[in-house]
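Biologist: I am new to this structure. Could you walk me through how to read its features?
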Amino acid sequence: MCSSVAPFLRDIEAELDRIRQVGLYRTTRTFDSPQGNVLRWQGVEKLNFCSNDYLGLANHPALRLAVNHALDHYGLGSGASQLVCGRSSAHVSLENALAEFTKRDKVLLFSTGYQANLSVATALGPGRRGYILGDRLNHASLIDAAVLSRSRVLRYRHANEHALEELLVRHGEKQKLVLTDSVFSMDGDIAPLEGIATVCRRHAAMLVVDDAHGFAVLGATGRGALEGPGLSQADVPVMVGTFGKALGGFGAFVAGPEPVIDLLIQKARPFIYTTALPAIICAAVEAALVLVQKEYWRREKLFDLIRYFRTSAAEISLPIGASETPIQPLIIGDASKASELSDRLFAEGILVTAIRPPTVPRGTSRLRITFSATHTLDQVDRLLAGLLRHRVYWEK
Ligand SMILES: Cc1ncc(COP(=O)(O)O)c(C=O)c1O
C-alpha cells in the first residue's frame, strides 16, 4: 500500500468506527430473485414488506414483454444524453403518454428522481436572488437539491401550510420556490396540498410537488396525490413523478407548462450531462402506465390490505403512524433497537429494513413497512404475528 494513502485510510476507518458505534452502520443485502412480495436471499425466501413496488409491476409479464420488444428494436444503451443522441421515439412516446395522463402541457424524462429534483431546484430556483422553502421532512433529494441550488434555504414545520405562509410573509418580495413531497417517503402522511397551493398563489411562489409515492397509487384513477384535491397545472406548476416505485421501473419525469420544460432542457445540468434512460426502460414504463389505467383492482386491493393492516394493528395496539398510504411506519426510536428488530424478523423470514438517521430525525428510527397489491392477507397476518412476537421492541 502506498504510504501517502495510509493517513486517508486511517481517517476513513475512524469514521467507519464512529458510524458503527452509534448504531448507524449500513450494509447491503443481495437477493437473487425478481422483485415481488417474496424475495430469495441465499436460497431462503423472505416476505418482502419494504419495497416501493406498490402495484406489484416490477416483474409483470407486460413490462418484460415491452422490454423484450424494445430491446430487439433499440438495443440496450442509449448512447449519450438526450441532447446529444440518446433520445428515441420511445422517450417521446412515454413523454406524450405521461402528459396526457397527468393533464400537463409537457413532460421531460430524467434518469432518476434524484436528478429530476436536482434539476428543478437548480434550473427553476431563484439562486442567489431568492429563497427555496421546503417541508422539514422532505425527501433527501429535495433537501440536497435546495442546498445545491445556491438559493437561501428555509425549512418549514412539517405538513403545515401556515408555517410556510409565515416564512413567505417574512421574506416578502424575493423570488421563491416551494418544494414538498406529496406523500412523505418515511412517514406515509400526505402534505396539505390544497392549502400549500393556495398559500403559494397568494404569495407568488412557484410550487413544486414531488409525487414519487403518490403517482399511480393515489386518486380515483391513479393520477396521484394531486388528483383527489383536483389540483391542476395552474395550481401546481411543477410536478415530479418517478418510475422506480408504483410503476415498477426506473427513472423519473417532470410535468408542467412548456416554458418550464424548455428551461429545464436549457439549464438543468443533471439532464444535460447524464446518459439518457435506455429506450427499453421507456417502453416498460409506458406498458406500466397502461396497466395503471386498466387494472384498477391493484389500487383497490392495495388499499384493502392497508385498511386490514391498520385495523389489525389497532387490535394489538401496534403504534403505527397516522398514514393512509402504503407506507406504514412503526417508530421504534433507538437506531440499534430498530436494527435489532429488523434483524430478528429477517431471521424469521420477514424483510422490513430499519430506517435510521440521517434518513429520519434522531430518536425516530423505525421499520418502514410498505404494502404491495400482490401481498395476501395471510402474508399480512404473518407480518403482524412477527411484530407481536417482538412486542418488547415497540410496547411502551
Ligand atoms: C419522495 C422521493 N423523491 C425522489 C426520490 C428519488 O427517486 P429515484 O429513486 O428515482 O432517484 C425518492 C426515492 O428514491 C423519493 O422517495
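Biologist: How do the residues of the lining of the largest cavity divide into nonpolar, polar and charged?

Modeller: Start with the idea. Rolling a probe the size of a water molecule over the atoms shows where empty space is left. Now the case here, and bear in mind that this is a predicted model. The lining of the largest cavity has six nonpolar residues, four polar ones and no charged ones.

Biologist: Which residues line the largest cavity?

Modeller: Among them are Leu-109, Phe-110, Pro-270, Phe-271, Ala-276 and Leu-277. Gln-82, Ser-111, Thr-274 and Thr-275 also line this cavity. Strand 3 (106–110) and helix 10 (269–272) are the elements that give two or more residues to the lining. The space inside is about 60 Å³.

Biologist: How many cavities of 30 Å³ or more does a search of the whole structure find?

Modeller: The search finds two. Asp-53 is the charged one, and Phe-371 is the nonpolar one. Others in this lining include Gln-35, Asn-48, Thr-370 and His-375.

Biologist: What about open spaces? Which residues line the second largest pocket?

Modeller: A pocket is open, whereas a probe in a cavity cannot get out. The second largest pocket holds about 220 Å³ of space. Its lining includes Thr-122, Pro-126, Leu-148 and Ser-149. Arg-128, Arg-129, Arg-150 and Lys-267 belong to the lining as well. By class, the lining has three nonpolar, four polar and four charged residues.

Biologist: How many bridges pair strand 12 and strand 13?

Modeller: Two bridges pair them, in the antiparallel sense. Strand 13 covers residues 365–370. Look for Ala-354, which stands opposite Leu-367 in strand 13.

Terms used:
Residues numbered from 1 in each chain as written. Predicted model: local features only at pLDDT ≥ 70, side-chain atom pairs only at ≥ 80, totals over all residues. Heavy atoms only, no water. Pairing = 2+ DSSP bridges. Helix = DSSP H or I, 4+ residues; strand = E, 2+ residues; numbered from the N terminus. 1 Å grid on protein atoms, 1.4 Å probe; cavity = no way out; pocket = protein on both sides within 12 Å on 5 of 7 lines; lining within 4 Å. Points joined across faces, edges and corners; volume = space filled by probe spheres on them.
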